[in-house]
Amino acid sequence: MQVTVTVNGVEYTKEIEGRLLLVHFLRDTLGLTGTHWGCDTSNCGTCVVWMDGEPVKSCTVLAAMAGGREVRTVEGLANGAELDPIQEGFRQCHGLQCGFCTPGMLMTCRHLLDNNPDPTEGEIREAISGQICRCTGYSSIVRSVRWTAVHEAEAKAAAK
Amino acid sequence: MQVPAPFEYERATSVDQAIGLLERLGSSARLVAGGHSLLPMMKLRLANFEYLIDINDLHGELGYIRRSGDEVRIGAMTRHRELLESDALAQVLPIFRDAERVIADPIVRNRGTLGGSLCQADPSEDLSAVCTTLDASCVIRGPGGTERVVGMEEFHVGPYETAVADNEILTEIRIPVKADKSGSAYAKVERRAGDWAVVSAGAAIWLGADNRITDARVGLAAVGPNTTGIPEISAALRGQEPAEALYELAGAIAARSCDPATDTRGTADYKRHLADELTRRTLRKAVERARS
């Protein structure tokens with residue numbers, strides 16, 4: 001079957017099998033390997049991308065289901081050489097260790113901050129509760145999100 | 001890499017068109033809503049279909065929460081996140097928010113639906129236990145716009161088996177709302193956050209003007225082939241004044257009425273203990289809410 005998906009603003013039309021999962025479509029068909037593929041059971045959350053603006057676990061979404069929809073992956077965060085503030089936050093506060101869970105964490109945390117610019121530690125932990133960091137770097141991930149929240153608030157105030 | 005066996009993908013654009021596809025494709029087809037229960041089962045080859053009919057585009061038609069007269073009507077495509085976030089629903093039926101807080105995780109809740117949860121018919125499924133507790137009815141639509149309404153006992157035929165025929169679709173859940181002061185609550189014991197229940201319990205209670213119980217219902221999950229309502233508890237509680245001794249009695253009835261199996265999640269004895277304790281806790285909370 002043929003599917004047309006917009007990924008990070010670029011429209012792709014591809015011939016695929018109905019059973020192809022979105023995570024494999026992104027990685028193998030489009031070569032966008034930033035999205036990681038982990039547990040295959042929607043537990044670990046390393047495959048999180050956005051579909052029509054909402055985080056989804058792409059190992060449990062068919063590529064066909066993304067037909068006609070907008071997908072955003074970790075490759076769509078940075079603006080050229082300029083990191084998204086959430087990426088900068090992870091860099092500043094050591095939010096990544098081995099880096100395996102990082103793409104999914106970044107996508108979830110970006111979505112959280114877009115909807116709640118000043119989340120509490122509890123709200124951050126709830127937001128990432130469907131994602132597993134095998135290095136148990138949760139504390140530094142939470143710090144990274146808080147750093148980003150403060151940084152974005154300051155940038156917004158300075159722009160006024 | 002775990003992928004499902006090959007199938008043909010179809011996308012439905014309306015309820016009636018979905019029913020038309022089901023009529024044509026028969027038992028070789030299955031509807032997929034959120035897919036977070038079905039797709040993992042297909043990856044493991046526990047389920048196999050020649051056709052999958054994607055009904056996510058029916059969210060506009062079947063994604064709603066409405067209060068109409070003496071009932072709440074919820075469309076089958078209403079997503080977990082919408083059930084969790086609805087203040088109107090939490091006000092009249094707080095059990096939904098209790099349950100949604102412990103269903104999977106926020107990202108899975110973006111996709112999963114009420115109808116999908118009920119049609120999956122997993123004996124440990126939280127919303128099935130909620131709907132059993134609340135004496136919900138299920139609206140099932142078939143060819144030619146025909147509709148039939150069945151109660152939860154009839155809806156769940158057995159594990160992973162429902163009353164929905166090959167050419168039908170669950171469209172709506174209806175929950176009665178009585179005029180009395182009411183309260184409801186849900187609690188579950190799980191091995192880790194967002195897991196399936198080891199055991200869970202829901203309770204709903206209605207109080208009359210004299211503060212006596214006019215009706216009470218308890219529903220349990222993961223302790224038998226289906227989620228279970230326990231009429232004996234309702235009979236024991238009606239007409240009584242809420243009290244700790246009454247919750248103990250209800251808990252004891254729950255423990256001996258259920259039919260748990262010993263497995264990796266716990267022994268049958270442990271699960272009976274949980275059924276007892278969770279029945280007491282949810283009844284206590286439901287009464288507290290009915291009084292406030």
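In this predicted model, B:R66 lies over the face of B:Y64, 3.8 Å from the ring centre. To count as a charge over a ring, NZ of Lys or CZ of Arg has to be within 6 Å of the ring centre and within 35 degrees of the ring normal. B:K178 does this too, with its charged end over the ring of B:W206 at 4.1 Å from the centre.

Now look at where chain B meets chain A. With contact taken as heavy atoms within 4.5 Å, chain B puts in 31 residues and chain A 34 residues. The two chains bury about 2400 Å² between them (accessible area, 1.4 Å probe, lost on being put together and summed over both). Carbon and sulfur atoms account for 59% of that area.

What about charges across the interface of chain B and chain A? There are five salt bridges (a side-chain nitrogen of Lys or Arg within 4 Å of a carboxyl oxygen of Asp or Glu). One pairs A:K57 with B:D105, whose closest N and O atoms are 2.7 Å apart.

As for elements, those giving two or more residues to the side of chain B that touches chain A are β1 (8-11), α2 (38-43), β3 (51-54) and α7 (106-109) of chain B. Helices here are DSSP runs (H or I) of at least four residues and strands (E) of at least two, numbered from the N terminus. The largest share, four residues, comes from α7(B).

A note on conventions: residues are numbered from 1 along each chain as its sequence is written, and chains are lettered from A in the order in which they are written. Local features need pLDDT of at least 70, side-chain atom pairs count only at pLDDT 80 or more, totals for chains, interfaces and linings use all residues, and side-chain values use heavy atoms, leaving out hydrogens and water.
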